[in-house]
Amino acid sequence: MAVSLFELFKAGIGPSSSHTVGPMEAARRFAGGLADERLLASVHRLKISLYGSLGATGKGHGTGPALMMGLEGERPARIDPEQMPGRLERIRRTGTLSLAGHHPIRFRESTDIVYYRRKSLPEHPNGMVCQAFDEDGQCLCEHTYYSVGGGFVVAANADGSLEIRADDTPMPYPFNSGKTLLALCQEHGLTIADIMWANEQAWRTPDEIRAGILELWRVMRECVKNGIRHEGDLPGGLKVRRRAASLYRSLMDKTRVDLISPSLSALDWVNLYALAVNEENAAGGRIVTAPTNGAAGIIPAVLHYYWEFCPQADEDGIVRFMLTAAAIGVLFKENASISGAEVGCQGEVGSACAMAAAGLAAATGGSPEQVENAAEIGMEHHLGMTCDPIGGLVQIPCIERNAMASVKAIDAAIMALRGDGKHFVSLDKVLHTMRETGRDMLDKYKETSRGGLAVNIIEC
């Protein structure tokens with residue numbers, strides 16, 4: 001299946017790609033389908049049932065508000081996060097929702113969105129069933145959707161099987177493993193970024209690809225600025241205080257000498273970049289899924305490190321970074337998973353760390369073999385990482401975890417660049433191990449908040 005860079009990286013809103021971006025898109029599709037089938041005028045009531053991880057942690061992840069905006073026809077990439085609170089307050093106050101943007105129906109969030117905390121659908125942990133009823137209570141339409149990670153949504157067929165529509169767009173350099181990718185690079189004398197650049201042209205012109213990548217970079221930079229600008233407690237009840245603004249002020253205060261070592265000062269900035277992005281994400285701000293919201297701070301933090309601290313950094317390097325990271329992301333998407341609800345946090349933070357390490361190695365002149373090695377190091381040391389958010393919120397341990405993984409990505413790239421690309425464990429072997437580890441992991445460690453830190457920390 002062909003996967004584009006612009007599917008792995010897309011603008012959206014926080015706090016979760018699988019719990020916010022995916023459900024918003026699914027709800028939008030459902031409402032749009034009602035309009036296409038000329039059923040909209042007959043709809044009197046809706047019911048959306050959430051299962052698995054969506055049911056267990058959806059309230060903390062903002063799934064309800066995302067669904068309401070999707071039902072009103074909004075897209076994750078286009079909605080203004082700052083207008084959402086007012087629109088949600090209007091729906092809750094009036095009890096009326098504008099279905100597909102123009103058909104008003106009665107809607108009560110407390111009864112029309114149902115969270116099944118202990119029930120799951122068979123095909124994936126993030127399942128949701130959307131139903132529309134007429135005035136007599138007869139079901140007009142029912143569809144099942146799965147939010148499979150990174151904002152990707154898959155619908156179910158009538159028999160319950162997944163409606164997977166593989167993109168069979170012919171690629172000049174198709175690959176589905178690290179081994180194949182390296183072989184293509186060697187055979188044609190190309191870098192991994194070159195391979196991805198050529199494949200992206202199956203959908204877009206070179207100018208569109210470059211402009212699209214730089215626009216993603218612009219959104220990432222804007223997200224960091226917003227994270228530094230905003231202060232106070234994050235929503236959700238844990239009273240987690242935003243730290244990016246105060247950290248930025250301390251770094252800008254030249255009179256303070258509180259660094260462990262001047263040679264490590266860049267890492268303070270990397271921490272800042274990651275914290276800023278993930279605090280914005282936790283607050284429902286605009287971010288770039290990279291490849292998920294829960295891991296959205298890692299690639300922007302490492303990109304900022306490249307831009308601010310690497311000699312001769314330029315926009316061509318940003319493009320190489322993103323193309324290379326996307327190629328590695330394709331391997332994770334096709335051979336393992338980027339969903340915390342499916343394989344734990346190794347699928348989110350681990351994938352993003354590997355992608356960032358590969359991107360940095362490529363942007364600073366690494367060979368394809370060194371790039372693959374960087375990705376392997378980045379992922380190997382996240383194997384088995386659980387997804388256990390306290391209170392079902394993408395705050396603890398998620399925010400700090402992004403900062404830690406950003407530093408690990410930089411170190412993975414450095415280690416790979418110091419070598420010749422030869423290493424004992426291949427990226428393909430790590431991907432296989434990651435998939436098996438996720439399969440063996442208990443469900444309580446897969447974004448359900450029923451294990452790990454989520455149950456060992458008292459909520460105040």
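In this predicted model, the C-alpha centres of domain 1 and domain 2 lie 30 Å apart. Domain 1 runs over residues 15–155, and domain 2 over residues 178–445. The points below cover the interface, a database annotation, salt bridges and backbone features.

**Where the two domains meet**

- On the domain 1 side, 21 residues are in contact with domain 2, and 20 residues of domain 2 take part in return.
- About 1,400 Å² is buried between domain 1 and domain 2. Carbon and sulfur atoms give 56% of that area.
- Three elements of domain 1 each give two or more residues to the side touching domain 2. They are helix α2 (17–36), helix α3 (52–57) and strand β7 (139–149).
- By class, that side of domain 1 has nine nonpolar, ten polar and two charged residues.
- How many salt bridges does the rule find across the interface of domain 1 and domain 2? The count is zero.
- Polar contacts do cross the interface of domain 1 and domain 2: the rule finds five residue pairs, with both residues at pLDDT 80 or more.

**Database annotation**

- An unreviewed UniProt entry carries the annotation "domain: Serine dehydratase beta chain" for residues 4–156.
- The span 4–156 is 35% helix and 30% strand. Its end C-alpha atoms lie 23 Å apart.

**Salt bridges**

- The whole structure holds 17 salt bridges by the search.

**Cis peptide bonds**

- Proline 291 is placed in the loop between β10 (286–289) and α12 (298–309).
- Isoleucine 396 and proline 397 are also joined by a cis peptide bond, here with omega of about 10 degrees.
- Proline 397 is placed in the loop between α16 (368–380) and α17 (398–418).

**A positive phi**

- Arginine 38 is not a glycine, yet its phi is positive, at about 60 degrees.
- Where does arginine 38 lie? Its place is the loop between α2 and β2 (45–51).

Conventions
Residues numbered from 1 in each chain as written. Predicted model: local features only at pLDDT ≥ 70, side-chain atom pairs only at ≥ 80, totals over all residues. Heavy atoms only, no water. Domains from an automatic or database assignment. Contact = heavy atoms within 4.5 Å. Buried area = accessible area lost by both parts, 1.4 Å probe. Salt bridge = Lys/Arg side-chain N within 4 Å of Asp/Glu carboxyl O. Polar contact = N/O pair within 3.5 Å; in protein donor to acceptor, adjacent residues only side chain to side chain. Helix = DSSP H or I, 4+ residues; strand = E, 2+ residues; numbered from the N terminus. Nonpolar A, V, L, I, M, F, W, Y, C, P; charged D, E, K, R; others polar. UniProt positions renumbered as here; feature names shortened; annotations may be inferred.
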